[in-house]
Amino acid sequence: MVAISRLIVKGGLAVLPHAVAEADIIAEEGRLAAIGPGLGEQAVRPGDEVLDAAGRYVLPGLVDIHCDAIEKEAEPRPNTLFPLEMAFLQFEKKLAGHGITTMLHSLSLGVGLSLRGEHLVTEMIGIIHRFRKERAMIRHGIHLRYEVSHLAGLESARKLIEQGLIDYLSFMDHAPGIGQYKKPDAFERYVMKNQGVSREEVAQIVEELQERRKRIEWDKLRELAAFARQRGIAVGSHDDDSRETVERSLRCHAGISEFPLDLDTARYAAERGMRVCVGAPNIVRGGSHDGNLSAAEAVKCGAADVLCSDYHPASLLHAVFELEKQGVSLARAAAMASLNPAAAIGRDNEIGSLEVGKRADLIVVRKIHGIPVVETAAVGGKVVHISRDACL
């Protein structure tokens, strides 16, 4: 394989941190070396890869800090578990095609709503960590979602943090009657659908969960969060549903509020200095499937500044351009899916925007019948995805 000394992207509309402008981009040794008009006219060196982006948008690679789709890749239907390595490698290719160049895979510890069994979660974490060291198309990390009532998991979580395997820690409280499961029977219906269990089995899950919740040790959770923060790991909360829960999250050192359930809670979290993360599917579909906060409304009134794909990676890029249709500047919308999430996890000095000196993670996007499609994706200045359409 011939080493590529430079990547040159010519003639595209570059989506910069605060503007969109026609510019050429030169990447050298994995970093953005120059951005500006007319740069592509410089003499091309042997081994350079040149991309013609005329009539296309050039965006920073998307940074996704919350996506649990890897779990569906491994277990697409209840009780149909596929080899985890196979699931990861196949999923990675899809992510590059969706324009996601940094993915924090969200894996749940404690409630059993996703990959069931702590051994499966730790095995998947090990696989992701091994592949991101040995070979990877994109940048990978782990978002550990910790169920606050999981009394037995504190030591496991601490050990994963000590081993340097966790990039982001968030706390969640999944139980009937609270958060996203406030509506009667919402929790039971979700678990039966997701796990393929019977009404009797889910009743037992609910009983055990309610019993565990009586013994939540908030002091120990705060200690775990402080331990993570000391190691530079971002901490977040999940499904805040009131100002009181925002304050509780802040006491647990959370700097990110994911999926607040209503606008008042989202506004309050933002006012208290938290990054507020909303789901891209909510924007693409025109609202919450659970009847909760409208993500687009939160964005437009300044109560949300981070987008994640949640459960549907293809939605992240689409949400950026949907927000533009609704009057949000493209630069601001793109930053919500790149620079802002990078800042939320403390990596904005390296990734998240098209700025000289940063990692050369970028995507070339064209619209087909108004739908944004990734033609080319590059990570560290190396092309990792090219669509068939780009070859026509």
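Biologist: At 36% relative accessibility, does Arg243 count as buried, exposed or partly exposed?

Modeller: This is a predicted model, in which local features need pLDDT of at least 70 and side-chain atom pairs count only at pLDDT 80 or more, while totals for chains, interfaces and linings use all residues. Residues are numbered from 1 along each chain as its sequence is written, and side-chain values use heavy atoms, with hydrogens and water left out. Buried means under 20% relative accessible area and exposed means over 50%, with the third class in between (1.4 Å probe, protein chains only). At 36% relative accessibility, Arg243 therefore counts as partly exposed.

Biologist: How many residues apart in sequence are the parts that Arg243 and Asp264 tie together?

Modeller: A salt bridge is a side-chain nitrogen of Lys or Arg within 4 Å of a carboxyl oxygen of Asp or Glu, while helices (H or I, at least four residues) and strands (E, at least two) are DSSP runs numbered from the N terminus. Asp264 is partly exposed, with a relative accessible area of 38%. The side chains of Arg243 and Asp264 meet in a salt bridge at 2.9 Å, N to O. Arg243 lies in helix H8 (residues 243–251) and Asp264 in helix H9 (residues 263–271), so the parts tied together have a sequence separation of 21 residues.

Biologist: With which residue does Arg272 form a salt bridge?

Modeller: The closest N and O atoms of the salt bridge formed by Arg272 are 2.7 Å apart. Arg272 lies in the loop between H9 and strand E12 (275–279) and its partner in helix H8, so the pair ties together parts that are 25 residues apart in sequence. Arg272 is partly exposed at 39% relative accessibility, and its partner, partly exposed at 22%, is Glu247.

Biologist: Which residues do salt bridges that share partners join into one network?

Modeller: Arg272, at 39% relative accessibility, and Glu247, at 22%, form a pair of partly exposed residues. Salt bridges that share partners also occur, and the residues they join into one network are Arg31, Glu350 and Arg359.

Biologist: How many residues apart are Arg347 and Asp167?

Modeller: Among the 21 salt bridges that the structure holds is that of Arg347 with Asp167, whose closest N and O atoms are 2.5 Å apart. The pair links distant parts of the chain, since Arg347 is in the loop between H14 and E14 and Asp167 in the loop between H4 and strand E9 (168–172). Arg347 is partly exposed, with a relative accessible area of 27%, whereas Asp167 is buried, with 9%.

Biologist: The backbone oxygen of which residue does the side chain of Lys358 reach?

Modeller: Lys358 is placed in the loop between helix H14 (339–344) and strand E14 (362–368), and its relative accessible area of 7% makes it buried. Leaving aside neighbours within four places in sequence, Lys358 is in contact (heavy atoms within 4.5 Å) with residues including Gly30, Arg31, Leu32 and Glu350. The side chain of Lys358 reaches, at 2.6 Å, the backbone oxygen of Asp348.

Biologist: At roughly what angle do the axes of helix H4 and helix H7 cross?

Modeller: Axes are lines fitted to C-alpha atoms, for helices over the stretch in contact, and angles run from 0 to 180 degrees between N-to-C directions. Angles under 35 degrees count as roughly parallel, over 145 as roughly antiparallel, 65 to 115 as roughly perpendicular and the rest as oblique, and H4 and H7 are therefore roughly parallel to each other. The contact is made by residues including Leu154, Ala157 and Ile161 of H4 and Leu221, Leu224 and Phe227 of H7. The axes of H4 (residues 154–162) and H7 (residues 218–230) come within 10 Å and cross at roughly 5°.

Biologist: What distance separates the C-alpha atoms of Ala53 and Arg366?

Modeller: Ala53 is in the loop between strand E4 (49–52) and strand E5 (57–60), and at 0% relative accessibility Ala53 counts as buried. Not counting residues up to four places away in sequence, Ala53 touches Val9, Lys10, Gly11, Gly12, Val58 and Val364. Although Ala53 and Arg366 are 313 residues apart along the chain, their C-alpha atoms are separated by 8.9 Å.

Biologist: What positive phi does His369 have?

Modeller: His369 is found in the loop between E14 and strand E15 (371–379), where its 82% relative accessibility makes it count as exposed. His369 is not a glycine, yet its positive phi is about 50°.

Definitions and conventions:
A polar contact is a pair of N or O atoms within 3.5 Å; within protein, one must be able to donate a hydrogen and the other to accept it, and residues adjacent in sequence count only if both atoms are side-chain atoms.
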